[in-house]
Amino acid sequence: MEIKMIKKVLPLWTQDYMPLSEKILIFGPMETVVSGIRSTGNLHLGNYFGAIKNFIQMQHHYNCYFFIADYHSLTTHPHPTDLHSSVRRVLVEYLAAGIDPEKSTIYIQSDVPEVAELYLLLNMNAYMGELERCTSFKDKIRSQPDNINAGLLTYPTLMAADILIHRATKVPVGKDQEQHLEMARTFGNRFNRIYESEFFPEPYAFNFGSELVKIPGLDGKGKMGKSEGEGNAIFLGDSPEEIRKKVMRAVSDSGPTEPNAVKPEPIQNLFDLMKVVSAADTLQVFEDKYNDCTIRYGDMKKQLAEDMINFTAPMREKINAISADEDYVRQVARLGAAKARESAQKTINEVRELIGIRKF
Ligand code: TRP
C-alpha cells in the first residue's frame with residue numbers, strides 16, 4: 001500500500017540518490033522509450049528544440065532506444081552512396097547534439113535484422129483495408145503516384161515492429177505520427193489476442209517535461225523545416241557566415257507604426273527565435289524597442305544571428321570532430337547494434353515460441 005503511494009507521488013526513476021536495486025523494488029522496471037529518426041537531411045534548430053532536447057533529458061530516466069530509420073527511407077529509393085552518408089550524418093549529429101551512447105541505445109535500424117523478422121510476422125495480421133486507410137499512405141499516393149510500393153503500404157507495420165521489438169510503452173513523436181502509433185497498438189493487441197498472451201504492452205505518444213516548443217522558420221510563415229525552401233532553416237552544422245546570411249535575409253517589415261502593436265507573424269517569429277537562443281534581457285531590450293517603435297530590425301537580426309552562432313558553436317565543433325573520427329563512429333554504431341540486438345532477440349525468441357516457430 002505504502003509503495004503504491006510513493007509510486008504515484010514521485011516521478012519515475014528521478015530519485016538520483018537511490019541505488020538502482022532499490023529503484024526497481026519501488027518503481028518497477030524502467031519504462032522503455034523508442035523513437036525513430038528519419039535519415040533525411042541535416043538537423044536544424046527546429047529538430048533540436050522540438051525533439052532532441054527532449055531525448056537528451058529522457059536518457060536519464062528511461063531505458064531509451066533511438067534509431068536511424070534507414071529501412072523506412074528505402075521507400076523512396078535513395079542512391080546507395082547517399083543512403084550511407086545520410087545515415088552517418090544523422091548519427092554524427094545526434095551524438096554531437098548530446099545523445100549519449102552509454103546512456104541510450106543509439107543504433108541503425110538495418111543493423112537489427114530481428115526488426116525485419118517481426119515486420120514480416122506482423123504483416124500476416126495487418127489487413128489491406130486498414131493499411132490503405134492510413135493517412136500517410138493516402139498522402140503518398142497523391143504525392144508520388146509513380147512509386148506506390150508495398151513498402152509504403154506497410155510503413156505502419158514496420159514502425160510497429162520498431163516499437164514492439166523492444167516492447168516499448170513510450171514513443172516521443174509529433175502529432176503527425178499519432179495514427180501510426182494507434183496502428184502499432186492495434187497490431188500488438190491483435191497479436192496478443194491471437195496468441196492468447198499479454199506479450200506486447202501498448203505504446204503511447206510521449207512528451208517528457210515541458211510542452212514542446214514550435215520553432216518558426218525564417219521565411220515569415222510556418223515552422224522551421226528543411227523542405228520549406230532555401231534559407232528557412234538554421235542547421236546545427238551551419239557556419240557563422242551561413243547563419244548571418246540567412247538571418248539577415250529573414251522576412252520582416254518596415255516596423256511598427258503605433259506603440260504596443262500586435263506583432264505580425266514574421267516579426268513574432270523573429271522574437272520567438274530570439275526567445276530560445278538569446279538571453280532574457282536581450283529579448284527584453286528588443287521587446288521594449290518594438291513597443292515604443294524605435295526598433296531597427298537590422299540590429300535585431302544582427303543580435304539574433306550572433307546568439308544563434310554562439311548557441312550552435314559547440315555542436316558545430318562536435319559535429320566536425322566526431323565526423324572526422326572514423327573509429328569512434330564505428331564503435332558507437334557497433335555498441336548500439338549489440339545492445340539493440342540483445343533486446344530484440346529476447347522479443348523475437350518469445351514471439352517465435354508463441355507463434356509456434358520452434359527449433360528441431
Ligand atoms: N515514422 C516516423 C517519422 O516519420 C519515424 C519512425 C519510424 C519512428 N519508426 C519509428 C518513430 C518508431 C517512432 C518509433 O518521423
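1. How far is an oxygen atom of the ligand from an N or O atom in the side chain of Arg38? In this predicted model, the separation is 2.9 Å. Arg38 is one of the residues around the ligand.

2. For Asp162, an N or O atom of the side chain is 2.8 Å from a ligand nitrogen. For Gln177, a polar side-chain atom lies 2.8 Å from a nitrogen atom of the ligand. Taken alone, the ligand exposes 360 Å², of which the protein buries 94%.

3. The surroundings of the ligand may be considered next. Besides Arg38, Asp162 and Gln177, the residues around the ligand include Ser35, Gly36, Phe67, His72, Tyr155, Met159, Ile163, Val171 and Val173. By class, this shell has six nonpolar, four polar and two charged residues.

4. Which helix gives the most to the shell around the ligand? Helix H10 does, with four residues. Both H10, spanning residues 155-164, and strand E1, spanning residues 32-38, supply at least two residues each.

5. A separate point concerns helix H15, which covers residues 297-324 and has 28 residues. From its first C-alpha to its last, H15 reaches 38 Å, close to the 40 Å expected at 1.5 Å a residue. Where does the kink in H15 lie? The kink, of about 45 degrees, is at Thr312, shortly before the proline Pro314.

Note on methods. Residues numbered from 1 in each chain as written. Predicted model: local features only at pLDDT ≥ 70, side-chain atom pairs only at ≥ 80, totals over all residues. Heavy atoms only, no water. Near = heavy atom within 4 Å. Polar contact = N/O pair within 3.5 Å; in protein donor to acceptor, adjacent residues only side chain to side chain. Areas by Shrake-Rupley, 256 points an atom, 1.4 Å probe, with all protein chains shown as cover. Nonpolar A, V, L, I, M, F, W, Y, C, P; charged D, E, K, R; others polar. Expected span 1.5 Å × (residues − 1). Bend = angle between axes of the 7 residues up to and from the residue.
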